[in-house]
Number of protein chains: 2
Amino acid sequence: MMPNPISQEQIQAAHQRIAPYIHRTPLLTNQTIAELVGAEVFLKCENLQKVGAFKARGAMNAVLSLSADERQKGVATHSSGNHGQALAWAAKKMGIPAYIVMPSNSPQVKVDAVRGYGAEVIFCEPTLQAREETLEKVLYKTRAHMVHPYNDYRVIAGQATCAKEILEQQPELDAIFCPVGGGGLLSGTALSAHYFGNVPVYGCEPEMADDAKRSFDAGYIIPSTNPQTIADGLKTSLGDKTFPIIRERVTDIYTVSEAEIGAAMRLVWERAKLVIEPSAAVGVAALLKHSANFKGKKVGVILCGGNVDLGKVGEIFKN
Amino acid sequence: MMPNPISQEQIQAAHQRIAPYIHRTPLLTNQTIAELVGAEVFLKCENLQKVGAFKARGAMNAVLSLSADERQKGVATHSSGNHGQALAWAAKKMGIPAYIVMPSNSPQVKVDAVRGYGAEVIFCEPTLQAREETLEKVLYKTRAHMVHPYNDYRVIAGQATCAKEILEQQPELDAIFCPVGGGGLLSGTALSAHYFGNVPVYGCEPEMADDAKRSFDAGYIIPSTNPQTIADGLKTSLGDKTFPIIRERVTDIYTVSEAEIGAAMRLVWERAKLVIEPSAAVGVAALLKHSANFKGKKVGVILCGGNVDLGKVGEIFKN
């Protein structure tokens, strides 16, 4: 058994560090969802977090962990999603530069959001190779500090503060359901659930992007190849820092279909009155699917984010 | 000056009575909205309340205030909206019958919701006269107890618990913005703001249904005549129990256009990640419109409900 790469004290320190900047998001119950599952269900509302996603936690912890020298040159990453916004937001809060490499086909609303936090956007071709090469050039030119969206212990420790909060808000829990993309949130959640409550953690993933499930079962990282899912935040593959924690500390990984994700998303919007993105519906969908194993239990579910294009909601929710 | 028809102690008693059944809804801040207004803005999330609206408070207080004899025969009302659901929910919680008169053209989703709480739905022609006559017949036949949606001191005392909670969650406030339809929530809010914090209260209303504004200015009730507004919860006219309280205790009433309501609704969905109904956007729209008067202040805004047909959201949020 490998030593834990992040200690309980490091997660506590991360929480103390970022607490002045982030929301302590509410943990809500909803009678309809509870009845459908047949369990007490606690929804951790990271859609109500700064920048609309848990990513604010990890990005802020990474920025606050930099030395004064490192901060001066700013931070950089490549991202078409919430991490780019989160890093831009954290950098703005600290008054340091941020450089975000984004694919040239990024939706204008996301580009505007990153620029709205004062970051410089550098466009590249929409391939992973182009993203990485462009970021290399930016790092070389600016000497900015790279903050990876998930494969970074400072980021993982930041994401771990979410489950730490859940267990402070509801100390008695029988399970935590958590979506998994690159594994930053899931690995952090598994560590906090272990340290602060010894609670089993279940990773939740779209069938159409089931690399975490396959990696978990195989015992080694199997990257995803061009996954197609409505849960666009969960398309990324596990990293060499997140996978070992997940392999050791996560109880199981459940997968759900696109239809199950859509139905769970509508359920949360309609009954819990929360705007969540498809990725955040994956945990609810997995709990509904496996409800037989959790009858009468107390289950936490992380609603990881709420960044969704309202202009496209009509298509999703057509009656 | 008339004596207050509802005492501080009665509101405290109502809160104690209903607390085991309702959510103590969160009071959230949102940076974007705060920056747009130039004030600290606190959103009271009654969209996250039981049945998705503050109406659960008043309905439950009315049901719990009945004698054992009265309870036995059940409760009745006419409603095409949130009060019908709230009364059905409260009756179900107490295990008593509920009879809800609804217009024959009510959306199926609302009929299903009321029936979902086990209430009996009685249809009538979609006119106020038909609703009242049908309810009379139901009351005669069932001997059920009528619970009016707003013109009832037990209901007003229940709605008053919302502002009481706001002032417990954020004792320092310079103003509270509250939507007004029949005036149950606004009169209750004005009483609690007076008793528990001496905070000025502003009523907020669609221009297209500005009977409260006109009544407030005139000094007597001017009913609305066939108002057309997206904020369907605010079409009703003031009652003889709500108006005197509003006239005496409310500082002013602000009106907003349909476009301002739509823009505020989108802002709250998109940035605060909360599903709110158009009526709940009216307070935010009014604060944005009159922000010049509240720079640097602390302002509470009641998001009164979140019951909206997701199938129609596409039209509202077309890009």
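Mentor: Contact means heavy atoms within 4.5 Å. Helices are DSSP runs of H or I with at least four residues, strands are E runs of at least two, and both are numbered from the N terminus. This is a predicted model, where local features need pLDDT of at least 70, side-chain atom pairs count only at pLDDT 80 or more, and totals for chains, interfaces and linings use all residues. Residues are numbered from 1 along each chain as written, chains are lettered from A and ligands numbered from 1 in written order, and side-chain values use heavy atoms, without hydrogens and water.

Trainee: Which residues of α3(A) and α5(A) meet?

Mentor: On the α3(A) side they are A:K55, A:A56, A:A59, A:M60, A:V63 and A:L64. Their partners in α5(A) are A:N82, A:H83, A:A86, A:L87, A:W89, A:A90, A:K93 and A:M94. By class, this contact has ten nonpolar, two polar and two charged residues (Ala, Val, Leu, Ile, Met, Phe, Trp, Tyr, Cys and Pro are nonpolar, Asp, Glu, Lys and Arg charged, the others, including Gly, polar).

Trainee: Why are α3(A) and α5(A) called oblique to each other?

Mentor: The axes of α3 (residues 55–64) and α5 (residues 82–94) of chain A come within 8 Å and cross at roughly 45°. Axes are fitted to C-alpha atoms, for helices over the stretch in contact, and angles run from 0 to 180 degrees between N-to-C directions. Under 35 degrees is roughly parallel, over 145 roughly antiparallel, 65 to 115 roughly perpendicular, and the rest oblique. The pair is therefore oblique.

Trainee: What angle do α3(A) and α8(A) make?

Mentor: They pack at about 135°, with axes 7 Å apart, and are therefore oblique as well. In α3(A), A:K55, A:R57, A:G58, A:N61 and A:A62 take part, and among their partners in α8(A) are A:R154, A:Q159 and A:E165. This contact divides into four nonpolar, five polar and four charged residues.

Trainee: What makes A:E168 and A:R24 a salt bridge?

Mentor: Their side chains meet at 2.8 Å, N to O. A salt bridge needs a side-chain nitrogen of Lys or Arg within 4 Å of a carboxyl oxygen of Asp or Glu, so this pair qualifies. The pair links distant parts of the chain, 144 residues apart: A:E168 is in α8 (residues 153–169) and A:R24 in the loop between α1 (8–18) and β1 (27–28).

Trainee: How many salt bridges are there between chain B and chain A?

Mentor: The count between these two chains is zero, while over all chains it comes to 28. Even so, 29 residues of chain B are in contact with 29 residues of chain A.
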